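User: Hi! Could you walk me through a few residues and strands of this model?

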Amino acid sequence: MDIDRYEDIEISADRKTYSFVSRGPKGDLIKIVRFINLQNLPGTYNLALGTMRGDRVDYTETTDNGDRNQVLATIFHIAVTFSRAYPNQKIFIMGRNQATTRLYRGAINHLYAKIETEFFTYGGTVAESENAYKFEEFIRNKQYDVFLFKRRQ
């Protein structure tokens, strides 16, 4: 990948929780990435990104620590690591709001060639029921509500 990432990543024994330090003008922030099994999408884990705030993880705050590209590159590396441990599981990503979804879409578009070496990529829209999605093969620069990645074997 052509973007520097954070190298010091702590990984849980089950390879479902990762942490690293985001360094920027707002200080050193501990970022947490958790893969959470989705009940409504069998064989799929949600990639949740949060920031440690005391003894809890905040999944709602956008920290804007000036290192967006490094954080996104680190998340990509973490997703690859997780998918190697769980090659038959898909990774689901949904932004916490429209701005975050737009950020993810932009990052996927920008890094699409690299992502495609590791994953089949799908874009999804919310179907009629709130927890159902319609997926299609990812089309660059098309708006999606959610994203799904399946490891290439």
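Analyst: Gladly! Two strands pair if DSSP finds at least two bridges between them; strands (E, at least two residues) and helices (H or I, at least four residues) are DSSP runs, numbered from the N terminus. This is a predicted model, where local features need pLDDT of at least 70, side-chain atom pairs count only at pLDDT 80 or more, and totals for chains, interfaces and linings use all residues. Residues are numbered from 1 along each chain as its sequence is written, and side-chain values use heavy atoms, with hydrogens and water left out.

User: How many bridges pair β6 and β9?

Analyst: Strand β9 covers residues 146-151 and runs antiparallel to β6. One of the bridges joins methionine 94 to valine 146 in β9. The number of bridges between β6 and β9 is 5.

User: Is threonine 63 buried or exposed?

Analyst: Threonine 63 sits in the loop between β5 (56-58) and α1 (68-85). Buried means under 20% relative accessible area, exposed over 50%, and partly exposed in between (1.4 Å probe, protein chains only). Threonine 63 has 8% relative accessibility, so this residue counts as buried.

User: What is the relative accessible area of threonine 125?

Analyst: Threonine 125 belongs to strand β7 (residues 119-126). Threonine 125 is partly exposed, and its relative accessible area is 33%.
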